[in-house]
Amino acid sequence: MNKRRLLLKGGWVLSMDPAIGDLRVGDVLIEGDSILAVSPKIGNVDAECIDAQGTIVLPGFVDTHRHTWQSCVRHRYADIDPQIYFAEMLGAKGAAFRPEDVHVATMLGAVAALEGGITTMLDWSHVQNSPEHADAAITGLRDANIRGVFAHGWPLVDGASWMFDSQRRHPDDIRRLRKRYFSSDDQLLTLAMAARGPEMARREVWLDDLRLARELGIRSSIHMGAYARNGTVRAIAQMHDAGVLGDDLTFVHCCFSGADEIAMMADAGVSASLGVHCELNAQGIGDIPFDRLLAVGIRPSLSGDTETKCSGDMFTQMRHAFAYYRSWMGGNHSRVPNAPATLSMRDVLEFATIAGARANGLDHKVGSLTPGKQADIVMIRGDDLNLTPVSDAIGAVVLAAHPGNVDSVFVGGRAMKRRGQMIGVDLDVLRARARASQQYILELK
């Protein structure tokens with residue numbers, strides 16, 4: 001059976017593949033779900049032609065850490081003491097979430113991510129109040145048609161027993177999920193563990209959780225060093241001393257993690273995820289460790305973290321990353337030996353694409369426009385008034401573009417957005433369900 005072919009013709013191609021480079025005018029040929037060719041000019045082929053002139057064509061963005069279950073209470077907690085967020089969302093409100101709240105929030109967050117050009121997202125889902133909650137989150141990702149990594153966390157019912165010096169092992173339901181939904185790793189949705197680590201659980205517990213993840217053959221993502229109280233635990237050093245650091249781990253934040261601990265990460269191949277906008281908004285979370293990570297060769301990935309405190313789109317993360325590093329290092333370069341004196345816009349775009357793919361364990365499939373990889377592709381309208389005339393395509397994407405400039409989004413060759421409109425999702429129904437869920441959540445005491 002012949003696979004359908006699409007030819008994106010005449011765009012400004014940012015491949016993020018060093019072997020291909022940038023093409024001021026280039027074509028991308030898609031066959032089925034994969035990229036077949038990327039070239040300055042692809043001749044006559046039997047394919048549906050999409051005129052990409054005036055657009056910037058690049059790989060879909062990759063988000064490596066999003067609490068998508070919180071999407072229906074967006075922007076509520078940025079102007080409030082961070083402890084209120086923890087007390088409410090990880091306390092009574094989170095404990096009272098129904099499966100339908102998890103489903104609509106996860107779907108809303110994933111659809112919005114797609115609309116802004118994020119084609120792959122790790123859903124850090126620590127609201128596993130029942131097996132039905134897990135099923136609802138996975139179904140939400142599936143209904144959105146995003147390439148998702150479902151990171152299974154813990155319940156918020158009796159949450160303190162899971163989050164403070166916990167003696168409770170990771171919920172065994174993850175075994176059921178692996179068998180029921182994720183028996184293959186070669187599919188649109190894959191599985192990871194949203195793990196707790198030494199900052200939240202006793203040594204025998206976090207070691208057991210890590211053994212479980214490795215037994216299941218999945219990656220683990222762990223919050224590290226957010227706020228001073230967590231930095232004093234020196235969780236990374238504890239894991240290093242236990243001999244369990246490895247390249248199947250991603251650490252999130254690391255703001256109060258020591259420079260020696262970040263060097264331990266680099267030696268073991270551990271990746272990093274930074275939720276830059278949220279970290280800047282979260283008072284007291286600590287210094288975003290770009291300089292410490294880059295000084296030891298770790299290329300961090302980016303995330304929307306929680307939309308309760310920030311914007312989830314990748315354009316915002318890139319802009320803030322670029323500005324933060326330039327401003328910080330302008331007067332503090334001597335602070336961390338070997339840290340780059342500056343950061344380029346290409347660096348930041350790499351963080352949002354190929355570095356994110358690596359942190360999700362998917363760089364063999366996504367993150368660059370490379371023949372053989374999945375056709376996860378974004379087209380940005382360069383003719384929009386905030387971008388035209390484009391003189392530097394990377395500059396346009398990193399400094400000025402926003403989700404409204406995204407013309408088209410493809411996931412595995414399938415159009416999710418075309419000509420600025422989402423496809424296959426009843427947005428009015430989604431909005432109505434999200435409003436009803438928000439009303440229920442905000443009325444919770």
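## Salt bridges, sheets and a buried glutamate

D173 and R176 sit 3 residues apart in helix α5 (residues 173–180), about one turn of the helix. Helices here are DSSP runs of H or I with at least four residues, strands are E runs of at least two, and both are numbered from the N terminus. This is a predicted model, in which local features need pLDDT of at least 70 and side-chain atom pairs count only at pLDDT 80 or more, while totals for chains, interfaces and linings use all residues. Residues are numbered from 1 along each chain as its sequence is written, and side-chain values use heavy atoms, with hydrogens and water left out.

**Salt bridges**

D173 and R176 also form a salt bridge, with the closest N and O atoms 2.5 Å apart. The term covers a side-chain nitrogen of Lys or Arg within 4 Å of a carboxyl oxygen of Asp or Glu. Searching the whole structure turns up 33 of them.

| Pair | N to O distance |
|---|---|
| D173 and R176 | 2.5 Å |
| R175 and E215 | 2.7 Å |
| R234 and E261 | 3.8 Å |

R175 in helix α5 and E215 in helix α6 are 40 residues apart, so this pair links distant parts of the chain.

D173 counts as buried because its relative accessibility is 17%, and R176 is partly exposed at 26%. R175 is partly exposed at 33%, whereas E215 is exposed at 52%. R234 is partly exposed at 32%, and E261 is buried at 2%.

E199 is in the loop between β9 (189–195) and α6 (203–216). What about a charged partner for E199? E199 is buried yet has no salt bridge, and the nearest side chain of opposite charge, R229, is 7.8 Å away. For charge, Lys and Arg count as positive and Asp and Glu as negative, with His and the chain ends not counted. The E199 side chain does reach the backbone nitrogen of G225, at 2.7 Å. Leaving out residues up to four places away in sequence, E199 touches several residues, including M163, H223, M224 and N230; contact means heavy atoms within 4.5 Å.

**The sheets**

An open sheet of 8 strands runs β6-β7-β8-β9-β10-β11-β12-β13, with parallel pairing. Strands pair if DSSP finds at least two bridges between them. β6 (61–66) and β13 (301–302) stand at the edges with a single partner strand each, so one side of each has no neighbour in the sheet. Within this sheet, β11 (residues 249–253) and β12 (residues 271–274) are joined by 3 bridges, and V252 has S273 in β12 as its bridge partner.

Now to some antiparallel strands. β1 (residues 5–14) and β2 (residues 22–31) pair over 8 bridges, with L14 partnered by D22. β2 is then joined to β3 (residues 34–39) by 5 bridges, again antiparallel, and V28 pairs with V38. The hairpin of β2 and β3 has 2 residues between the strands, and G32 there takes a positive phi near 65°.

Technical notes:
Buried < 20%, exposed > 50% of the residue type's maximum accessible area, 1.4 Å probe, protein only. Polar contact = N/O pair within 3.5 Å; in protein donor to acceptor, adjacent residues only side chain to side chain.
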